[in-house]
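Biologist: Please show me the model, and then let us go through it by question and answer.

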Amino acid sequence: MSEAEESHQRRLARNVNELLQELRVAQAGVQILFGFLLSIAFTDKYTDVGGYIRVTHLVTVLCAAAAVAFLTAPAAWHRVLFRQGRREDVVRFGNTLALVGMAFLALAMTGTVLLLAEVILGGWPAIVVGVLAFVVFTGLWFAVPFASSESAQDRERP
């Protein structure tokens, strides 16, 4: 193996390790959120809530479940493709799965904030809080990093 190939393999190994480490952080949070959301349906007060709250809760639970699926998928891919020389596939698809998982997590977090705001504030103020939560999550997790990436690419172009 040439030095260039070896460094490429080392870089791929580092990328896989970094991806899996980053996902460990997100996985723990989304799994706790998922458990919390599941428990809400089994409370006495839940029987008295209206259809809007029930639908919002269900959509939020489904988003959290999708986040769990997408955020744990790269670890499963890594395990299934382990020792098959497919690190590049794990990194490429793992990155896509992680981004989709983070998008679902942002939606689940937004739904959770909306549900809480609905219980505390109700009506339009709750919707405003939900929209603000959505803007914060999508802004910090997606819009700012993508804009920063585009800005860096523009600076590199002659």
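Modeller: One definition before the questions: helices here are DSSP runs of H or I with at least four residues, numbered from the N terminus. By that rule Thr110 is found in helix α3. The model is a predicted one.

Biologist: What is the mean pLDDT of the protein, and in which element is confidence highest?
Modeller: The protein has a mean pLDDT of 88, and 92% of its residues reach 70 or more. Confidence is lowest in α1, with a mean of 82. The highest mean, 93, belongs to α3.

Biologist: How far does α3 reach from its first C-alpha to its last?
Modeller: Helix α3 covers residues 87-120, which is 34 residues. At 1.5 Å a residue, 50 Å is expected. The reach in the model is close to that, at 48 Å.

Biologist: Which residue with a positive phi follows α3?
Modeller: The phi in question is near 70°. The residue that has this phi, after α3, is Gly122.

Biologist: Where does α2 bend?
Modeller: The bend is about 35°. A proline, Pro74, follows within four residues of the bend. The residue at the bend itself is Ala73.

Biologist: Which residues does the UniProt annotation "transmembrane region" cover?
Modeller: The annotation comes from an unreviewed UniProt entry. In the model, residues 21-43 are 87% helix and 0% strand, with end C-alpha atoms 35 Å apart. Residues 97-117 are 100% helix and 0% strand, and their end C-alpha atoms lie 30 Å apart. The record covers residues 21-43, 55-77, 97-117 and 123-147.

Biologist: Which element gives the most to the largest nonpolar core?
Modeller: This core has 17 residues, and Val30, Leu37, Leu71 and Leu105 touch the most other members. The elements that give two or more residues to it are α1, α2 and α3. With 7 residues, the one that gives the most is α2.

Biologist: How many residues are in the other core?
Modeller: The other core lies apart from the largest one. Among its members are Leu20, Leu81, Val90 and Val91. Its number of residues is 6.

Biologist: Is Ala64 buried or exposed?
Modeller: Ala64 lies in helix α2. Beyond four places in sequence, Ala64 touches Val30, Phe34, Leu37 and Ala108. Its relative accessibility is 0%, and because buried means under 20%, Ala64 counts as buried.

Biologist: Which residues does Thr60 contact, leaving aside its neighbours within four places in sequence?
Modeller: Thr60 lies in helix α2. Thr60 is buried, with a relative accessible area of 2%. Its contacts are Leu37, Ala108, Gly111, Thr112 and Leu115.

Biologist: And which residues does Leu37 touch, not counting those up to four places away in sequence?
Modeller: Leu37 is one of the residues that touch the most other members of the largest nonpolar core. Outside its sequence neighbours, Leu37 touches His57, Thr60, Val61, Ala64, Thr112 and Leu115.

Biologist: How far apart in space are Asp48 and Thr60, C-alpha to C-alpha?
Modeller: Asp48 is in the loop between α1 and α2, and at 67% relative accessibility Asp48 counts as exposed. Asp48 and Thr60 are 12 residues apart in sequence. In space, their C-alpha atoms are apart by 19 Å.

Biologist: Which residues does Thr110 touch, not counting residues up to four places away in sequence?
Modeller: Thr110 counts as buried, at 12% relative accessibility. The residues it touches are Gly130, Ala133, Phe134 and Phe137.

Biologist: Is Ile127 buried, partly exposed or exposed?
Modeller: Ile127 is in helix α4, residues 123-156. Leaving aside neighbours within four places in sequence, Ile127 is in contact with Tyr52 and Leu114. Its relative accessibility is 32%, so Ile127 counts as partly exposed.

Biologist: What is the relative accessible area of Gly139?
Modeller: Gly139 lies in helix α4. Its contacts include Val144 and Pro145. Gly139 is buried, and its relative accessible area is 17%.

Technical notes. Residues are numbered from 1 along each chain as its sequence is written. This is a predicted model: local features need pLDDT of at least 70, side-chain atom pairs count only at pLDDT 80 or more; totals for chains, interfaces and linings use all residues. Side-chain values use heavy atoms; hydrogens and water are left out. The expected span of a helix is 1.5 Å times one less than its number of residues. Buried means under 20% relative accessible area, exposed over 50%, partly exposed in between (1.4 Å probe, protein chains only). Contact means heavy atoms within 4.5 Å. UniProt positions are given in the numbering used here, feature names are shortened, and annotations may be inferred rather than shown by experiment. A nonpolar core is a set of buried Ala, Val, Leu, Ile, Met, Phe, Trp, Tyr and Cys residues joined through side-chain atoms within 4.5 Å. pLDDT is the predictor's confidence in each residue, from 0 to 100. The bend at a residue is the angle between axes fitted to the seven residues ending there and the seven starting there.
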